[in-house]
Amino acid sequence: MRKKSLNRFWWAGWMAMILLMFSLQAFTQPRTVTGKVTAGDTGDPLPGANIVIKGTAQGVISDLDGNYEIGIQSPEDILVFRFIGYVDQAVQVGDLSVIDVVLEVETVGLEEIVVIGYGKVKKSDLTGSVSSVKSEDIVKITSANVEQGLQGKVAGVQVTSTSGAPGAVPSVRVRGVGTFNNSSPIFVVDGVILDNISFLNSADIESMEVLKDASATAIYGSRGANGVIIITTKSGAEGLAKPQFSFSSEVGLQRVARQIDLLDGREFAIISNEIKPGSYNNIDAVPNTDWQSLIFSMAPIQNHQLSVSGAGDIARYYMGIGYFGQDGIIDKSFYKRLSLKLNNVYQLSEQFRLGNNITIAPYNQRNAPNVTYSVYRAQPVLEPYYSDGSYAVVYNVGNPLADLAHSNNFNNGVRGVGNVYAEASFLHSFTLKSSFGVDAAYNKSESFTPAYTIYNPDGTASQQDNTFSDLYKGTSDNLTWLWENTISFDKIFDKHYINAVAGYTMQKTTSEQYGLSGANILRDNPEFWYINPSYIYDPSSNIDLVQNINNSVDPGQYYSMISYLFRANYTYSDKYIFTATFRRDGSSKFSEDNRFANFPSFAAGWNIGREAFIEDVPHVSSLKLRASWGIIGNDKITYFDRYARVQSDIITVFGFPDNAFPAASYGKSGNPDLKWESTKQTDIGLEFGLLENRLTGELDYYNRMTDDILVELSTPGHMGNGLGQRIRYNAASVSNSGIEFLLNWREKRGDFNYSVGILGSTIHNEVKSIGGASGIDSTLIGGYLGNGQPVTLSRVGLPIGAFYGYVTDGIFQNTEELGACPHLSQAGVGDLRFVDTNDDGVLNGEDRTFIGSPIPDFIFGINFSAAYRGFDLAVDFHGQAGNEIFNGKEVVRPDPYNFEQHVMERWTGENTSDTEPRPSFGGYNYLPSDRFIQNGSFLRLRTLSLGYTLPESLSERWHIARARIYLKGNNIFTLTRFTGYTPEIGSNDVLSNGIDNGIYPITAIYSVGLNLTF
Amino acid sequence: MKRIINLSLLLPVIIILTSCEDFLQINPQGQMTQEAFPTTESDALLATNAAYTVFRQWHYHSGGYPILDIMSDDAHKGSNPNDQLPTLGPYDSFDHTATQDGLDRWWSTLYEGIKRANVVIEKVPSIEMDETLRTRYVAEAYFIRGLLYFDLVRAWGGVPIIETTEPPLKIERASVEAVYNLIEHDLLEAVKALPEKSTCSDDQLGRATKGAANALLAKVYLFQGNFENAETCALEVIESDEYDLEPVFADASGILGEHGIESVFEVGAIGVGSQSNGGNQYANTQGVRGSPNRGWGFNRPSLDLINTFEEGDPRMDATVIFLGEVLDGVTILGDGTTPDEVEDDQGNVIEIECYNQKVWVPGNTTDTQFGHNRRILRYADVLLMAAEALNENNKPDDALYYLNLVRERAREGNETILPDITETNKNTLRDIILEERRRELAMEGHRFWDLMRTGKAAEVLGPLGFTENKNELLPIPQTEIDISQKILDQNPNYE
């Protein structure tokens, strides 16, 4: 009900805005200009070219012979001629009445302007490996997260959904995993360096640049090692005298992309009877509950925005408002975000400029409990409700419907990111810029569970029993400020072109969080969700939650930095390019001796295509070779790892009666010797354009070697740090190497334009050392399943977070076979046969070995787009190959749960199966082994969209510059052999990658949308 | 405009002048660093208190599960047949290996306590504060350190000796003798400075006392076969007149006897379901499984234990909870997934569903079970130690006196049962005292080590799978050997 009225509000608002804009378009002064548009490459007339008056929405289309006729207002009007695949041309009308133009073919690729750290550069002058994604690609995916727009669009970038929950942030990896710590790239949004960009609205983005090699990232020094993604938001275009409004609206429906094939009631009864005869007397009369279909439903998703941009004598502006709303396919989950965007530039004089880029994004999020795991486990022979309609007990997992019904978990907050800057040019070639940026975030979490009890059929209380209602309240805030001062120099002398930048920056990040828990809340309704002292401590009800009060800083978000940066780019004769970059970073995360570190890089490029001997070669339009080397770092550790701290949250109990007394002692030791992680990266790349640049491509070889990786190692027990406590050391090395390629073909045939792009990258990830000089560990174990069993192991020679477990070799068919092989004591006939991998004649934990890698060998994307008259079509695929998934959700079985379908192929007697063991509810056959390793390769149809742009005649009548409607599908199908919801299993913990512990499924989205420009 | 530009040119100059060292120094927020602690009288108290906290950690209790009883003839694994079978089952059958669950937990937690004791021993003496308190805190820490090393040396033999707050990363195992020397030194320091229990106010009960240190020292000497010193120490506890036996046997470990007359060293706990709030999961681990749901039901009393009690000995019923029994108004129904009886191939009953009554806490939730105060040392143990040492020192009459005190209390006034022992033959009396220890202290974690130090382990536990020259000690946790890069040697026959 509330949702509906909200939608009405939105629409009413949009309509009011639209009416307002039409009224602005009221004046015209009749005078006509005519002319002809021809193509520069063929000399043929160009039918269907757009001719618009700059800064207005008025425009016409050339006819079949390339002729046009347009009414203008004044001699100051500028006509802009556009045709896809050709360079735009602008002509001031003056007193001309006939304007013929020749449009030149767009030279795609090399002349593009690319945004790099602290500057911009022509693509031909670039020595680094940088990939750009433009706004039209970013909005192809209906998602709260801008990062999703990169998936399958940039070679070497892997974007993986960690969950399909509304608003979930995907994990992004650039050129593999180079550290055991946080491997996410940093984001630079209009100059502000950020870790998280969930506040951004895709529609506000002009371009995203992924900086991949050291030449490009070294300017970000200690933070560049995982790659840098520069995001430029839209700003008002110069010469846009009249405001240009742009409106887009999209509504869609999501559904679970696929369901897991589990046993139905009858099948479960058959298997249960084999495990424990007589469990079900009549297998045909057992209930059959499809738990998955009870929790998944279709859910709406919507995305609307309105923006206006323009330019006056002094100011250029872009203002946008956007709303994104997504309901979860599981009840009780949603994500709503409003984003306000304001980008201004004020040209106060020839030399002096001020500007700002500001985003404010309030959001509302509701999280569902992890019922995907409980519906996976819930026995299908149990009914969800008793005959009186109350929730029935679901043994071992709890009734997921009751979990959902009683869940109230919210995150509400606001994020404000922005900067103001001043820029002054002097002595013709110098520009001084000072920019002050802020990232402020405030989040409130709230969770309430009412008191409720699910009863057993006999009326006694089941384990799913919340005796007292409980309430949690938490807030966290985060403030970063960043002050950057740069001076840049840009000059051409003769054949020499020099572009240099030097700077000094300071940054400070602080954070704080509070949390309180209470129980036995007076009433259940939200008006009562406020903590009261008696909810925290009430001896009469045995409530004592005082220990749950917490107040601390977020240890990952509390540090300061000072940096010096420098880059010089020198081009000779447009052919030979040299770049040198240097950054010196100092961070509070390291002690004085190790505080500062230097990050240099060097690169060179050669535009072979501009050499005389190539210019004559037919069909070669451009050719460039580039190479770079550099050192970059990673500092994503908590600020206090170097300190040995005192643990003061402990109590001891003395006295009669027993009473708690405060206590404090040494916590785990610190490591004052911590220093920066450093990554040496080499990149060799080739860029080419063939056949008049219809075929363009890039090929890169990269090699990243990360040393001194900050890694938490187990310390010996005698150190007294306590069980499982780890201390951070600089003690590991990892290499990543591979080849990236990108090929694009674009062509225009008459009215038909199309392009095909293929990109891919290979990754070879290998741990080179662990333990290193401190020599206290040779392996890193991680990837813990729900029951604490580790299933990943990082060891020299293996990829990071490799899966390990027993290797299976068929089934013990009979007692002779069992007796003949070493086996664990629990093994019996019909059970899996584990291989004695170390051949010592004894089967034990030592025989667990490498059984798969979560890191793909190859990731790729295939993109196809085409336009014919008003129609446009886009088809994007992406996928990966060569990785494995550990089906962790199947392994953890302390109690009888439902099974996946393959259990029906079970061993029932000699030679009935050599892959699927005799059924059991858990135990031996569910020890981590390659039985649970599945092929993680997939090919996914990421986007299929079909749009139609209204003919000029119609839009002109409605005073609209451009109107497009479209139908779109995302994640429509996925080819994979994986049996879970999705083969994309991401994790922010590199040691837990590729383990499916029962994630929230990703969704397929079908939507319709409208784009208007007026 | 020009002015603005000129001013902006000055910006970099201004910034470079700001000090960067100050800007880049960020101390931990809301937390002290170890250099700054403990430096005051109240710090000294906090640090001393923290050393006791280890005794409430689940892992302190032989890694969480009561494996010492499970390895003895007193108990089986417990819970339902499959629960923790791969992790705990091997201890029951002596198939445990160096990677067995719990070993690393126990090892690291004992050393965590040692570290906390070392903080007090190393740092508190230099704090300017009340002299008496300072001496007492340090003595408490010595007691705790001695107690923790005593667990280490009994479980693993010679272990790394750490006496500093800055231990080296790599260190070899010390000899068994060296570890015992340290324990003896620590406990003598404790005896010297600790106050008697009677001087402790009610809210200080649970802190180490002279009596506790002497009792522990007696035990340490007993384990080394030093019966003279064992006798001296045990008699010192007895003659201090600080302790006596509870009139009712069940109260010796039950809730009514908490910090009572029999309690020599006891770990206080509050009935809340979490360690950080004051609970102790020791009793929950062994609590009745099923209905009433009071715990997991591990450490099931064996039929052998049940049958070892003399006819009518009330201690049997106070040690074992049987199905159908009514305790504090609650009928024990037990666990649906646990068979009431387990039979062998011949149809003989070899195990029945029953639970450890010594950890029973009245109440109606699992949380209350966390409030059980585990007795580490109690007076009956001291009396039996005295009896044992006196017998070895050829003073059978004195030995019989203390032994019969224990039997007399067990009788609880019923003169028809548990007659006084009159045997004076040293060897026979030795066995009688050992059997009395078994019945009196059953399920309290003593039996396995008593069999070990008396050299009876192979004879008694052999049929259960015990291997001589191997199972006397636990294997050093494999993770510790791995992390130490094999500087730690494995115990014999565990390779």
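Predicted model: local features only at pLDDT ≥ 70, side-chain atom pairs only at ≥ 80, totals over all residues.
A crossing of two helices is left-handed if the near helix is turned anticlockwise from the far one by less than a right angle, and right-handed if clockwise.

Residues are numbered from 1 along each chain as its sequence is written, while chains are lettered from A and ligands numbered from 1 in the order in which they are written.

Start with α6(B), residues 103-123, and α7(B), residues 131-156. Helices here are DSSP runs of H or I with at least four residues, strands are runs of E with at least two, and both are numbered from the N terminus. The axes of α6(B) and α7(B) come within 9 Å and cross at roughly 155°. Axes are lines fitted to C-alpha atoms, for helices over the stretch in contact, and angles run from 0 to 180 degrees between N-to-C directions. The two helices are therefore roughly antiparallel, a label for angles over 145 degrees. Their crossing is left-handed. On the α6(B) side, the contact includes L110(B), G113(B) and I114(B). Partners in α7(B) include Y137(B), R145(B) and D151(B). Contact means that C-beta atoms, placed from the backbone, lie within 7 Å. By class, this contact has twelve nonpolar, one polar and two charged residues. Ala, Val, Leu, Ile, Met, Phe, Trp, Tyr, Cys and Pro count as nonpolar, Asp, Glu, Lys and Arg as charged, and the others, Gly among them, as polar.

Move on to α8(B), residues 176-193, and α9(B). These pack at an angle of about 155°, with axes 9 Å apart. That makes α8(B) roughly antiparallel to α9(B). This crossing is left-handed. Among the residues in contact are Y180(B) and E184(B) of α8(B), and K210(B) and N214(B) of α9(B). The contact of α8(B) with α9(B) divides into nine nonpolar, one polar and two charged residues.

How far should α9(B) span at 1.5 Å a residue? Its 14 residues, 210-223, should span 20 Å, and the end C-alpha atoms are 20 Å apart, which agrees. The expected span is 1.5 Å times one less than the number of residues. In α9(B), 13 of the 14 residues are buried, so the helix is largely enclosed by the rest of the structure. Buried means 20 or more other C-beta atoms within 10 Å of a residue's own, with C-beta atoms placed from the backbone. After α9(B) comes G225(B), with a positive phi near 75°.

Helix α5(B), residues 85-92, has L88(B), G89(B), P90(B), Y91(B) and D92(B) buried. Their cover includes α4(B) and β1(B). Just after α5(B), F94(B) has a positive phi of about 60°.

Now turn to chain A. F812(A) sits in the loop between β47(A) and α10(A). It counts as buried, with 23 C-beta neighbours inside 10 Å. Beyond four places in sequence, its contacts include E817(A), V829(A) and R833(A).

Finally, the two chains meet. The contact takes 62 residues from chain A and 73 residues from chain B. Strands of chain A that each supply at least two residues include β22(A), β27(A) and β35(A). The largest share of the chain A side, eight residues, comes from β36(A). That side has 32 nonpolar, 25 polar and five charged residues.

Technical notes. Contact = placed C-beta atoms within 7 Å. Buried ≥ 20, exposed ≤ 12 C-beta atoms within 10 Å, placed from the backbone. Parallel < 35°, antiparallel > 145°, perpendicular 65-115°, else oblique.
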